[in-house]
Amino acid sequence: PGGSFKLSYYNEYKSYLRLPVVMATPALQAKEKGNAAYKAKRFDEAIQYYDSAIALDPTDITFYNNKGAVHFEKGEYDEVISVCSKAAEVGREHDAEYKHIGKSFARVAKAYFKKGDLDNAMKFYDKAITEHRSPDILNERAQIQKEIKAREAKEYIDPEKSKEEKAKGNEFFKQGKFAEAIPFYTEAIKRNPQDHIPYSNRAACYTKLMEFGLAMVDCDKCIELNPGFIKGYLRKGAVLRMDKPQEAIAVYTKALEIDSSNHEALEGIRLCRNQLNQLSPEERAKRAMSDPEIQAILQDPAMQVILEQMNKDPAAAQEHLKNPVIRQKFSKLVESGIVKIA
């Protein structure tokens, strides 16, 4: 019985081998010629072949999609929209695969994007992902969404309204209603993102509410927008003073570069030094190691060599300290407790 089964199976297999080879239809042959012309960048010729394929078989969505791709390469975006919209219509009518219909809508979306019509581009990307959620289509849609948001944000800008919202926030701030002031400063920022003052004011609110992480973000943005605005440094110093006095000193020092007699900066440095003096030498050095400026000094290969020489030879120390840059860095290490002078 086992042998007869194998023979029967073999005979069936041979019958499959004798099946006739299906030749490509004239429509598919025209498509292949169109593909070859497209790859060779003979675009007008490619369109003629795709038109021939469509005439021979108007039910195949891929012929329309390929023709749309050629028009896209030629920068003929209205033609892309027309041909690929027809492609989606044909595809739905003849039960084409969803991925092909999704490709049709995505190509229409790309054409609208090239024409600067972001709203229609988003509309057709939405249609595309309802048919086929391919990673490429999703990424392209996300880019359009990002550009739409940027456009809306730009259209929303109004410096006069920003001033009005900032003034409302100031009134609440004066009353000690810090949480209530924040939405008005936020709106002021949306209305004029390049104005540094609402960031500074909102940072002050966050500090009062002990939201120190949010306060730091606003302080940094304020300083980025206007490096010469002293309040940005003072407010950042106030936040850092809570648990990073060493870093706060560096920020207050930058404030003094703007106004060397600023009382708040001088007082901030005094308070920070008092904090550090109350720490054990080990704890002080440990905290200092989290200071980016200290880290940069210690990681500098030149400073590493200099510190090694100074450790072995006091005379070398005196010579190196004649250099003002090295003296400043060395003083920073001494002040932080990293380096001890016997």
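Mentor: Before we start, a definition: buried means under 20% relative accessible area, exposed over 50%, and partly exposed in between, with a 1.4 Å probe and protein chains only. This is a predicted model, where local features need pLDDT of at least 70, side-chain atom pairs count only at pLDDT 80 or more, and totals for chains, interfaces and linings use all residues. Residues are numbered from 1 along each chain as its sequence is written, and side-chain values use heavy atoms, leaving out hydrogens and water.

Trainee: Thanks! How many salt bridges does a search of the whole structure find?

Mentor: The search finds 24, a salt bridge being a side-chain nitrogen of Lys or Arg within 4 Å of a carboxyl oxygen of Asp or Glu.

Trainee: Which residue does Arg92 meet in a salt bridge?

Mentor: Glu131, at 2.6 Å from N to O. Arg92 sits in helix H5 (residues 77-93) and Glu131 in helix H7 (residues 118-131), so this pair links distant parts of the chain, 39 residues apart. Helices here are DSSP runs (H or I, at least four residues), numbered from the N terminus.

Trainee: And is Glu131 buried or exposed?

Mentor: Glu131 counts as buried because its relative accessibility is 14%, whereas Arg92 is partly exposed at 48%.

Trainee: New topic: what does Asp51 pair with?

Mentor: Lys67, with 2.7 Å from N to O. Lys67 is buried at 15%, while Asp51 is partly exposed at 32%.

Key:
Helices (H or I, at least four residues) and strands (E, at least two) are DSSP runs, numbered from the N terminus.
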